[in-house]
Amino acid sequence: MIARVAVWEPMPADGRDWVLDAAAGTPGVHGAYHLIDPATGNGLSIAFFEDEAAAHAAHKAIGKRAEEIGWNSAPHPSPASQTIYQVVRHV
């Protein structure tokens, strides 16, 4: 299992629920969470995948949904950083 962690400074407040919805329907996606620090507005986006193929499929599904809703027709903030981790322990 792998995890993708994106750091947001600040976390966008532009209605990205569709991102989680698009990823949720992808086989091999084990969960995705958006977290926010209410004091700073900064946040994390954490997603868990069975493997790199599942992460790629989720990325592709999100991109397809972005095109369908016209998301790419305007600029949007990007994360400050993104890192892929191997999950070594979980419950």
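Residues are numbered from 1 along each chain as its sequence is written, and side-chain values use heavy atoms, with hydrogens and water left out. As the model is predicted, local features need pLDDT of at least 70 and side-chain atom pairs count only at pLDDT 80 or more, while totals for chains, interfaces and linings use all residues.

The largest nonpolar core consists of 7 residues: Ile-2, Val-29, Ala-47, Phe-49, Ala-54, Ala-55 and Ala-58. Such a core is a set of buried Ala, Val, Leu, Ile, Met, Phe, Trp, Tyr and Cys residues joined through side-chain atoms within 4.5 Å. Two or more of the core residues come from each of β3 (43–49) and α2 (52–69), and α2 gives the most, with 3 residues. Helices (H or I, at least four residues) and strands (E, at least two) are DSSP runs, numbered from the N terminus. In soluble globular proteins, nonpolar side chains tend to be buried together.

Thr-26 is found in the loop between α1 and β2. With a relative accessible area of 7%, Thr-26 is buried; the term means under 20% relative accessible area, exposed means over 50%, and partly exposed lies in between (1.4 Å probe, protein chains only). Beyond four places in sequence, Thr-26 is in contact with Ala-54, Ala-57, Ala-58 and Ala-61. Two of these contacts, Ala-54 and Ala-58, are also core residues.

Ser-45, in strand β3, is buried at 9% relative accessibility. Not counting residues up to four places away, Ser-45 touches Arg-4, Val-5, Ala-6, Trp-8, Tyr-33 and His-34. With His-34 there is a polar contact between side chains, at 3.5 Å. A polar contact is a pair of N or O atoms within 3.5 Å; within protein, one must be able to donate a hydrogen and the other to accept it, and residues adjacent in sequence count only if both atoms are side-chain atoms.

Tyr-33, one of the residues touched by Ser-45, belongs to strand β2 (residues 29–36). Together with Leu-35 and Leu-44, Tyr-33 makes a nonpolar surface patch of about 270 Å². Patches are made of residues with over 30% relative accessible area and no salt bridge, with like charges joined within 9 Å and nonpolar side chains (Val, Leu, Ile, Met, Phe, Trp, Tyr) within 5 Å. Leu-35 is 28 residues from Gly-63 in sequence and 21 Å from Gly-63 in space, C-alpha to C-alpha. Gly-63 lies in helix α2 and is partly exposed, at 31% relative accessibility.

The structure has 2 salt bridges, each a side-chain nitrogen of Lys or Arg within 4 Å of a carboxyl oxygen of Asp or Glu. In one, the side chains of Asp-14 and Arg-16 meet at 2.7 Å, N to O. Asp-14 is partly exposed at 27%, whereas Arg-16 is buried at 16%. Another salt bridge joins Arg-65 and Glu-68, with the closest N and O atoms 3.3 Å apart. Both residues lie in helix α2, 3 residues apart, about one turn of the helix. Arg-65 is partly exposed, at 34%.

The backbone has a cis peptide bond between Glu-9 and Pro-10, with omega about 0°. Pro-10 is in the loop between β1 (2–8) and α1 (17–24).

Notes. Areas by Shrake-Rupley, 256 points an atom, 1.4 Å probe, with all protein chains shown as cover. Contact = heavy atoms within 4.5 Å.
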